[in-house]
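Subject: Structure handover

Hello,

Here is the structure I promised you. Please open it and keep it beside this email while you read.

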Amino acid sequence: MERGKMAEAESLESAAEHERILREIESTDTACIGPTLRSVYDGEEHGRFMEKLETRIRNHDREIEKMCNFHYQGFVDSITELLKVRGEAQKLKNQVTDTNRKLQQEGKELVIAMEELKQCRLQQRNISATVDKLMLCLPVLEMYSKLRDQMKTKRHYPALKTLEHLEHTYLPQVSHYRFCKVMVDNIPKLREEIKDVSMSDLKDFLESIRKHSDKIGETAMKQAQQQRNLDNIVLQQPRIGSKRKSKKDVYTIFDTEMENTSPKSEQDSGILDVEDEEDDEEVPGAQDLVDFSPVYRCLHIYSVLGARETFENYYRKQRRKQARLVLQPPSNMHETLDGYRKYFNQIVGFFVVEDHILHTTQGLVNRAYIDELWEMALSKTIAALRTHSSYCSDPNLVLDLKNLIVLFADTLQVYGFPVNQLFDMLLEIRDQYSETLLKKWAGIFRNILDSDNYSPIPVTSEDMYKKVVGQFPFQDTELEKQPFPKKFPFSEFVPKVYNQIKEFIYACLKFSEDLHLSSTEVDDMIRKSTNLLLTRTLSNSLQNVIKRKNIGLTELVQIIINTTHLEKSCKYLEEFITNITNVLPETVHTTKLYGTTTFKDARHAAEEEIYTNLNQKIDQFLQLADYDWMTGDLDNKASDYLIDLIAFLRSTFAVFTHLPDTARRCLL
């Protein structure tokens, strides 16, 4: 019984499982029933399951048959309606096909137009996008084109500014384009090109001002000469207070004097081509001859590029080299004044340029650099002048050199350069000038003494008398009362020597002009030089004449008379010096003229020479006499040689009557 219950329970459980499997098969997709069927076959009751499955199939068939039987008439009606509709559908299909064909035929042009419209819209969209991109790129391209134009026209500083705007403002907006990358890669090359071209312009400028520095200096010195002439004119006016123009005033003159001229700039030279001016026309300012734009451009470019220090060092180094070349004097400079003038013009031109650079740029050169160059130039210039001036033997050349040095110093002083050492050196040249004057006047005195006839000057008219008196300060009331013709007691060399002494004093005075010396210093210089002329040059010339072998007693007597009158004229020479220097002789430390001593020494030498010649002549008479020591004829008659001797002495003493009393008594 229990077994039966268990069998029944198992049968129920198996039936429930089969039912579940059938429901699962009915509800599951066909592709997924494999595992379900495998579970049936894995069990031992697949036979019973098959029975269940057959039973289930028959049940479904009966249900399908019932449903078909129920809907059969409707199905038949539907088929009948469908057959009717098929004919109409065929007609509709034919109409639709025909309509579609017509529509396709009619719409072909529209499709083509639509395709064209589509392409146009696409092109329009592309064009619009292209225009937008081009509007974004055009400023970049315009700036780049502007940059190339500026490079081509050598406007380097604006080109650099354009390059900066291009790099920082325009290129970042279109940096994704390939041509922009090419531009970005080319920017460093353009900077280097601008730097190289501007440096090339600077080198051309430096080379040009080196060649034209003498022209610049010549113009500056002409300007200074004009200013000095103007100052002299103003000083002669009754009003007081005129002063030398300051450097600022000179710059103003430089800027205004070229307003009526329009010089054309030489290509990359920095020098304006100015034709030679006539003497009566205004001289253009020195700065007006120079185009400094290459320096300014290069300085700005290097400053923007962050290389200002490199530029400053290069500029100063090159200018130092040029300074050394300028300061090297030519070997034949001492031969002509033009050699000195060209040398000074180059130096002035160099420092005019540097002074202008100092005042128009900020830091390219500074005062310490200028002072260093000037100290070097001053030492080299003074050394060169000392060397070359020592070769000068012509006092006129030395005087012209002195005037040129003064103009050179005044020109540079206008620009603020200290020139005291130049004036100190001129005092050294003054001594040399005095020596050359003494040599020149030694020749003049020698010619005067050699050409003199050593006879009193005869005058036959009042005009001749006044002419001689006008040349030499002589007063004699007795001579004035005598009728014409009459004679001065002295010979022609007295007024000539007197006038030449005055000419010498004038020559000394000329050298002292514009040396900024006081009247006392000028007076002392003239007196010392005149004393050298009297005590050395004139004294030696007189001594040489007195010591000649062939000089006669008449010439010696005339020399004594001449020196006596020249001695008396020394006070007039003192007055002459006082008048031209405005320094009174009573002033402390005033040097006195030694003319009195000079002429006294010459007179004493002449007297001694006369005394010696007389003794020699008497000795000759006595030595040549033929004495008859055994004669017995005593008729109280002197010998012939004594008669000749007495006649000689009588004629000689007759000459002595024209001598001053003191000289005559000394000889007798």
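Glu312 is buried, because its relative accessibility is 15% and buried means under 20%. Keep in mind that this is a predicted model. What does the side chain of Glu312 meet in a salt bridge? The partner is the side chain of Arg308, at 2.7 Å from N to O. Look for both residues in helix 8, which covers residues 308–326. Glu312 and Arg308 sit 4 residues apart there, about one turn of the helix.

Why can such pairs form? Side chains of opposite charge can pair when their charged atoms come close.

How many salt bridges does the structure hold? The count is 20. Here are two more of them.

Go to helix 3, residues 46–152. Lys102 and Asp98 both lie in helix 3. They are 4 residues apart, about one turn of the helix. Their side chains meet in a salt bridge, with 3.5 Å from N to O. Are these two residues buried, partly exposed or exposed? Lys102 has 47% relative accessibility, so it counts as partly exposed. Asp98 has 28%, so it counts as partly exposed too. This pair also belongs to a network of salt bridges. Arg101 is linked in that network with Asp98 and Lys102.

Now move to helix 16, residues 519–546. Asp524 and Lys528 lie in this helix. Again the spacing is 4 residues, about one turn of the helix. The side chains of Asp524 and Lys528 meet in a salt bridge, 3.2 Å from N to O. Asp524 is partly exposed, because its relative accessible area is 22%. Lys528 is partly exposed as well, because its value is 47%.

One last stop, away from the charges. Which residues make the nonpolar surface patch of about 620 Å²? They are Tyr72, Phe75, Ile79, Leu82, Leu83 and Val85. Take Leu83 from that list. Leu83 has its place in helix 3. Its relative accessibility is 48%, so Leu83 counts as partly exposed.

Go on to Lys102 and Asp98 in helix 3. Then find Asp524 and Lys528 in helix 16. End at Leu83, back in helix 3.

Best wishes

Conventions:
Residues are numbered from 1 along each chain as its sequence is written. This is a predicted model: local features need pLDDT of at least 70, side-chain atom pairs count only at pLDDT 80 or more; totals for chains, interfaces and linings use all residues. Side-chain values use heavy atoms; hydrogens and water are left out. Patches are made of residues with over 30% relative accessible area and no salt bridge: like charges are joined within 9 Å, nonpolar side chains (Val, Leu, Ile, Met, Phe, Trp, Tyr) within 5 Å. Accessible areas come from the Shrake-Rupley method with a 1.4 Å probe; for residues, only the protein chains shown count as cover. A salt bridge is a side-chain nitrogen of Lys or Arg within 4 Å of a carboxyl oxygen of Asp or Glu. Helices (H or I, at least four residues) and strands (E, at least two) are DSSP runs, numbered from the N terminus. Buried means under 20% relative accessible area, exposed over 50%, partly exposed in between (1.4 Å probe, protein chains only).
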